[in-house]
Amino acid sequence: MSKLIHVAAAAIFNDAGELLLALRDKAQHQGGLWEFPGGKVEPGEDVRSALARELREELGIEIDQSATVPLIQVPYHYPDKSVLLDVFRVNRFMGAAYGREGQPLNWVRLSDLSGYQFPAANRPIVNALLLPSAIAITPQLPPEQYSGFFDQAVLKGAQAIMLRAKHLSEAEQMRLYQQLSAQCPEKPIIWNGSVDIANKAAVSALHLSSDRLLQLNDREAYNGRWLGASCHNEEQIRWAEKVGVDYITLSPVQATSSHPEVTPIGWAEYSRLANESSLPVYALGGVSMEDLARTIQAGGQGIAAISCFC
């Protein structure tokens with residue numbers, strides 16, 4: 001395997017909520033594609049210091065470290081090169097960004113990212129920017145109570161709802177999926193179920209159990225936009241990466257009342273696994289909105305939970 005190149009990169013946002021992209025020179029590796037600005041971390045250099053230096057040299061800006069938070073780490077192996085992208089979200093900076101090395105720049109809305117072509121190693125970064133930071137998972141409820149849970153979860157900070165209703169028939173689950181999707185169109189509804197039924201019902205966001213994940217051999221088997229999966233160990237994470245899902249949940253991070261017999265992995269192990277994965281990783285199991293900042297600092301995408309949204 002080739003030597004790992006450590007790169008500090010940034011998703012830089014302006015006051016209008018637009019994201020800065022830079023176009024790679026055609027003579028470069030992965031040239032002609034858009035990327036997130038940054039550059040190599042020098043031996044012995046602190047990654048945040050490297051990020052500030054690179055953005056000063058490339059764009060002529062000074063980032064505010066107090067408004068700079070971890071977004072995702074992406075280890076990625078091209079046929080001819082291996083990189084570790086240490087990516088931060090920069091929410092505030094000083095100066096006017098311009099291409100000091102002649103590189104074209106573009107401020108874009110997140111909703112327009114699908115119109116840009118990125119190097120393969122950058123795709124998890126795009127997903128991390130588009131995915132929510134807090135997912136509410138539905139408890140087992142009578143069908144008529146899901147609408148109320150949805151409203152309550154949104155009020156408590158949920159940015160997406162995962163419909164997990166295995167006690168109901170698939171027909172009932174699909175009716176609920178359509179109902180909840182119409183209830184609040186701006187909040188994504190994720191269905192926890194099977195690829196076959198999701199494809200037949202044109203479900204746009206699907207989450208697989210760990211068993212269903214291990215039965216999946218190719219991401220292309222699912223026709224929708226978002227595909228996630230539950231993982232509980234390193235082997236399952238590697239499989240999720242291999243088949244190309246968009247995100248995973250990792251559990252249990254802390255002790256849970258629903259599965260008291262399962263030993264939690266703890267925050268240190270969650271952080272290690274999240275940072276070694278090339279996918280956005282949600283913390284699940286005994287977590288709440290109070291753990292969101294800790295999860296992000298640990299290298300995670302956010303939290304997924306049931307009880308804190310009830």
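Let's start on helix α4, where the face turned away from the buried side carries the exposed residues Arg175 and Ala182 (exposed means over 50% relative accessible area, buried under 20%, partly exposed in between, with a 1.4 Å probe and protein chains only). This is a predicted model, in which local features need pLDDT of at least 70 and side-chain atom pairs count only at pLDDT 80 or more, while totals for chains, interfaces and linings use all residues. Residues are numbered from 1 along each chain as its sequence is written, and side-chain values use heavy atoms, leaving out hydrogens and water.

The buried residues of α4 are Gln173, Met174, Leu176, Tyr177 and Leu180. They lie on the same side of α4 because they cover an arc of only 160 degrees around the axis, taken from the directions from the helix axis to the C-beta atoms. These buried residues pack against α3, β11, β12, α5 and β13.

Now move to Ser277, in the loop between α8 and β16. Ser277 has 0% relative accessibility and so counts as buried. Its side chain joins that of Glu241 in a polar contact of 3.1 Å.

Glu241 also forms a salt bridge with Arg238, with the closest N and O atoms 2.7 Å apart (a salt bridge is a side-chain nitrogen of Lys or Arg within 4 Å of a carboxyl oxygen of Asp or Glu). Both residues lie in helix α7, three residues apart, about one turn of the helix. Glu241 is partly exposed at 23%, and Arg238 is partly exposed at 31%. A network of salt bridges links Glu234, Arg238, Glu241, Glu269, Arg272 and Glu276.

Note on methods. Helices (H or I, at least four residues) and strands (E, at least two) are DSSP runs, numbered from the N terminus. Contact means heavy atoms within 4.5 Å. A polar contact is a pair of N or O atoms within 3.5 Å; within protein, one must be able to donate a hydrogen and the other to accept it, and residues adjacent in sequence count only if both atoms are side-chain atoms.
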